[in-house]
Amino acid sequence: MSKRLMYLLGILLTISIGTYFSWKLCCSHDLDEEKQTQDEVNIEPKAYKNPTLYPFSIKDDSGNFSLNATDNFNFESSKYNFLSPVSSSLDMEIRKLKDYLTSTNNKSLSITGFYTPDEQNTSVYPNLGVARAISVKNYLNSKGVPSKIIDTYSEEKINMIADSLKVYYGPLAFSISELKDDSEELSKLGEFIKAHPLVLYFKTGQSNISLNSEERQELADIAKYLDKVEGSSCIITGHTDNTGDATVNLGLGQKRADFTKQYLVNNGIPSDKITAISKGQTEPIADNTTEEGKSKNRRTVITIK
């Protein structure tokens with residue numbers, strides 16, 4: 001076989017191999033694109049769950065009174081104050097509720113606030129459900145419903161769904177029942193609060209506070225007592241350690257007491273029921289020569305009178 005013929009056969013073999021691999025790669029790419037396109041077509045859109053709706057509804061099981069409205073008090077996720085303004089149709093039903101409750105002497109209103117385990121509780125109360133119920137209670141009180149006949153409760157709702165803006169629609173339940181005599185219970189509660197005043201501690205030079213679960217419950221008990229007992233009030237006393245000037249410390253103690261008062265007011269406890277004073281460094285409860293003792297002296301004390 002001549003060299004020329006061998007050369008031509010080599011060229012043909014090279015062209016054939018190149019054509020084969022080019023076809024192979026091209027078809028494989030087209031198949032991958034077709035499969036990817038098919039996969040994209042088969043992807044199902046994420047299902048959207050409708051928000052849970054709780055219309056405003058109240059019924060007196062022992063009477064013939066009932067109220068129903070499409071609107072209700074709405075709350076943003078992790079918030080305890082309801083969104084305003086309240087609709088005019090809801091306010092109309094509230095006026096009917098006020099007229100009914102004030103025209104009878106033996107009825108009480110229960111408000112149960114709902115919350116989910118995923119929400120963050122930024123209130124002073126044990127959970128957002130209680131805080132939401134108290135927020136609505138205060139609004140009803142401003143509309144003429146006596147606060148002392150309103151009881152507040154809470155209920156965790158695992159499956160309660162907010163809308164796309166993270167708003168819960170009417171996470172509340174209302175009921176009317178016979179008014180119970182709770183004077184003995186409140187008397188015992190008052191005695192306990194006086195014997196065990198709530199003490200909140202502060203870091204050096206600071207006036208902000210954070211609450212644990214036990215302190216939240218104690219504040220809830222204080223709020224309940226102030227709500228139910230005619231003429232009751234609470235006193236907040238600010239204290240400091242002996243670091244620095246005594247006059248400055250008197251002002252720091254007042255700042256802590258005022259901050260605590262405003263914190264309670266923001267959470268629905270009436271301002272006129274709270275007195276804030278300072279004792280500065282004059283009433284230590286521990287040794288100011290140690291850091292541990294100083295930390296115990298930097299405190300505010302909340303009790304009733």
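**Entry 1: helix α5**

I began with α5, where I found Glu-215, Arg-216, Leu-219, Ala-220, Ile-222, Ala-223, Tyr-225, Leu-226 and Lys-228 to be buried. I note at once that the model I am reading is a predicted one. When I looked for what covers these buried residues of α5, I found that the cover includes the strands β5 (150–156), β8 (198–201), β9 (234–239) and β11 (299–304), together with the helices α4 and α6 (246–266). I then checked the span of α5, which has 16 residues and reaches 23 Å from its first C-alpha to its last, close to the 22 Å expected at 1.5 Å a residue.

**Entry 2: α4 against α5**

Two packed helices are described by the angle between their axes and the distance between the axes. The axes of α4 (residues 183–195) and α5 (residues 213–228) come within 10 Å and cross at roughly 130 degrees. Because of that angle, I record α4 as oblique to α5. The crossing in which α4 passes α5 is left-handed. On the α4 side the contact is made by Glu-185, Leu-186, Leu-189, Gly-190 and Ile-193, and on the α5 side by Asp-221, Ile-222, Lys-224, Tyr-225 and Lys-228. Sorting this contact by class, I have five nonpolar residues, one polar residue and four charged residues.

**Entry 3: helix α2**

I turned next to α2 (residues 88–103), which has 16 residues and spans 23 Å from first C-alpha to last, close to the 22 Å expected at 1.5 Å a residue. The buried residues I listed in α2 are Leu-90, Asp-91, Glu-93, Ile-94, Leu-97, Tyr-100 and Leu-101. These buried residues pack against the strands β1 (56–59), β2 (66–69), β4 (107–115) and β7 (172–178), and against the helix α3 (128–142).

**Entry 4: Asn-127**

I followed the chain to the loop between β4 and α3, where Asn-127 has its place. Is Asn-127 buried or exposed? Asn-127 has a relative accessible area of 13% and is therefore buried, the cut-off for buried being under 20%. Leaving aside residues up to four places away in sequence, I found that Asn-127 touches Tyr-115, Asn-121 and Ser-154.

**Entry 5: the protein as a whole**

Finally I stepped back to the protein, in which there are seven helices and eleven strands. Of its 305 residues, 38% count as buried. I also looked up the contacts between residues at least 6 apart in sequence, and among these 75% join residues at least 24 apart.

Conventions
Residues numbered from 1 in each chain as written. Predicted model: local features only at pLDDT ≥ 70, side-chain atom pairs only at ≥ 80, totals over all residues. Heavy atoms only, no water. Helix = DSSP H or I, 4+ residues; strand = E, 2+ residues; numbered from the N terminus. Expected span 1.5 Å × (residues − 1). Buried < 20%, exposed > 50% of the residue type's maximum accessible area, 1.4 Å probe, protein only. Contact = heavy atoms within 4.5 Å. Axes fitted to C-alpha atoms, helices over the stretch in contact; angles between N-to-C directions. Parallel < 35°, antiparallel > 145°, perpendicular 65-115°, else oblique. Left-handed = near helix turned anticlockwise from the far one by under 90°. Nonpolar A, V, L, I, M, F, W, Y, C, P; charged D, E, K, R; others polar.
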